[in-house]
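Morning, everyone. I have one structure for you today. Let me put it up.

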Amino acid sequence: MSSLSMRLCQTENLIPVLNPFDGKEISQVKQTLALDVEEVLVKAHVGAQAAKALPRHQRASILDKAAYLIEQRNEQFARQITAEAGKTIRQATKEVARCVNTLKLSAELARSNEGEMIPFDAFPGGEKRKGWFTREPLGIILAITPFNDPLNLVAHKLGPAIAGGNAVLLKPSEMAPLSAMALVDILQEAGMPPDVVTLAIGGADLGAALVEARDVRMISFTGGFKTGEAISRAAGLKRLCMDLGGNAPVIVMKDCDFDKAIEACVSGAFWAAGQNCIGTQRIFIQRPLYNQFRGAFMKATAKLVVGDPQRMQTDVGPMINELAAKSIEARVNQALDQGAKCLHGNKREGALYHPTVLETVPHDCAIWRDEVFAPVVILEPFDDLEDALTLSNEVDFSLHAGIFTSDIDTAMTAIDRIQAGGIMINDSSDYRFDAMPFGGFKYGSMGREGVRFAYEDMTQPKVICFNNS
Ligand code: NAD
């Protein structure tokens with residue numbers, strides 16, 4: 001679509017949703033204008049009353065039924081993810097299955113309260129007091145989500161929020177809002193009162209206007225660092241959960257299971273065309289293994305099928321749009337100018353950017369220090385474990401890391417020393433299970449997702465104390 005027709009569309013309050021693979025328009029969605037924020041908030045207030053009034057068994061049955069309905073329509077959901085976000089159909093199918101798990105986990109939590117008895121008599125003076133705390137809803141939670149997992153990342157916010165009795169103001173990525181909209185429809189079909197989730201569709205301006213709303217009690221954000229910084233500056237006194245970017249390291253020791261390391265690292269680097277916050281970006285290989293690893297890694301990368309994500313055999317689909325592909329191409333070319341060597345890839349066809357393997361990347365290159373969020377991986381040899389640990393920790397933000405070794409002491413040292421929200425032993429950085437705490441270490445890390453952990457963040461304790469004196 002030309003920029004003129006895009007502007008015309010937007011003046012009619014419609015946002016075009018484009019297929020990342022061929023650039024064709026797949027839908028138009030009605031935009032919520034920043035002017036409509038008042039109206040959206042009125043709805044969210046109605047939703048907050050309705051959500052709080054739902055007994056726990058109803059919250060649970062809505063979430064369970066929604067999981068069931070999505071399971072029944074998994075192919076339809078997967079095709080939609082592929083169409084709007086460009087994930088390959090196999091990867092999209094996996095995301096749908098994970099969304100079902102996320103909703104089922106949320107349903108389980110809705111049935112419990114996770115409150116506790118309080119031992120008031122643990123110190124003198126409290127003997128005559130008895131009590132407990134419950135977990136109460138916060139009220140209105142603003143959920144802002146990115147384009148790359150357009151279904152399951154939304155479920156990670158809606159599931160725990162609904163389980164906790166909250167209303168949600170949901171602003172999905174304007175580039176891929178259709179899966180989120182379909183999820184909200186399914187929740188309503190499963191019995192959720194209409195305003196418990198209020199959709200607001202639009203871009204940064206709308207997001208910024210919602211962030212400032214005083215009635216919002218919590219912002220649960222998943223997206224990039226710059227956006228996270230802007231939101232935290234504008235939010236004021238609100239609870240914040242920030243799930244931001246990564247630049248994951250993986251260490252390959254010479255005593256590893258070689259074939260397993262190759263397979264996992266190739267998948268970790270290029271899953272979802274590298275548009276994956278825990279995607280493997282830097283692989284440190286112990287020097288005696290380096291040449292063998294490099295050869296096998298390039299061979300396995302060359303076998304990846306790049307192309308139409310709707311085809312079953314495709315391994316690597318497009319980036320979200322041509323702009324993103326051009327941006328990574330430019331950043332790689334800049335690294336090559338600074339002395340990096342390209343072993344494979346750095347080829348672009350529209351929004352398709354072929355899996356790219358680099359070595360000798362100077363550490364002051366943006367591509368080494370920042371998040372690439374693209375199918376680009378850096379290989380680098382090291383001598384001692386100590387060096388690899390230092391290199392792994394050199395970046396000031398960190399979601400996941402991985403290490404391949406058959407030595408338990410090496411694994412324990414890495415567990416102890418790597419600063420990351422998750423350390424995967426004998427796996428790439430790219431492993432996540434929806435019930436585990438998920439989030440980053442160091443700069444920008446705020447809160448954790450993973451259903452129980454988000455549920456705790458999205459509720460507030462209320463103490464009840466009987467004075468029998
Ligand atoms: P983005 O930050 O550009 O956008 C994310 C969302 O924020 C979108 O809905 C966007 O419209 C909205 N937004 C933009 N500016 C805003 C503002 N000023 N105020 C309020 N909202 C605003 O991110 P993206 O390009 O959609 O997604 C890619 C990023 O998301 C990567 O950095 C990736 O690592 C990160 N991500 C993190 C996780 C995680 O769980 N840690 C998961 C997936 C993606």
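Which helix gives the largest share of the nonpolar patch? Helix α15, residues 408-417, with three residues. Helices and strands here are DSSP runs numbered from the N terminus, helices being H or I with at least four residues and strands E with at least two.

Some ground rules before I go on. This is a predicted model, so local features need pLDDT of at least 70, side-chain atom pairs count only at pLDDT 80 or more, and totals for chains, interfaces and linings use all residues. Residues are numbered from 1 along each chain as its sequence is written, and side-chain values use heavy atoms, with hydrogens and water left out.

Back to the patch. I408, M412, I415 and I425 form it on the surface, and together they have about 360 Å² of accessible area. Areas come from the Shrake-Rupley method with a 1.4 Å probe, and for residues only the protein chains shown count as cover. A patch takes residues with over 30% relative accessible area and no salt bridge; like charges are joined within 9 Å, and nonpolar side chains (Val, Leu, Ile, Met, Phe, Trp, Tyr) within 5 Å. I425 lies in strand β19, residues 422-425. I425 is partly exposed, at 33% relative accessible area. The scale is this: buried is under 20%, exposed is over 50%, partly exposed is in between, with a 1.4 Å probe and protein chains only.

Next, D434. This residue is in the loop between β19 and β20 (441-442). Is D434 buried or exposed? Buried, with a relative accessible area of 2%. The D434 side chain makes polar contacts with the side chains of N152, at 3.1 Å, and H156, at 2.6 Å. A polar contact is a pair of N or O atoms within 3.5 Å; within protein, one must be able to donate a hydrogen and the other to accept it, and residues adjacent in sequence count only if both atoms are side-chain atoms.

Now the ligand. There are 29 residues around it, and T145, E174, T227, L244 and E371 come nearest. To be near, a residue needs a heavy atom within 4 Å. A ligand oxygen is 2.5 Å from an N or O atom in the E371 side chain. How much of the ligand is buried by the protein? Taken alone, the ligand exposes 850 Å², and the protein buries 87% of that. Helix α8 gives the most to the shell, with four residues.

Last topic, salt bridges. Side chains of opposite charge can pair when their charged atoms come close. The cut-off is a side-chain nitrogen of Lys or Arg within 4 Å of a carboxyl oxygen of Asp or Glu. The whole structure has 19. Take E189 and R73, with closest N and O atoms 2.6 Å apart. E189 is in helix α7 (178-189) and R73 is in the loop between α3 (56-72) and α4 (74-85), so the pair ties together parts 116 residues apart in sequence. E189 is partly exposed at 43%, and R73 is partly exposed at 26%.

D383 and R287 also meet in a salt bridge, 2.9 Å from N to O. D383 sits in the loop between β16 (376-382) and α14 (385-392), and R287 in helix α11 (287-302), so this pair links parts 96 residues apart in sequence.

That is my tour. Thanks.
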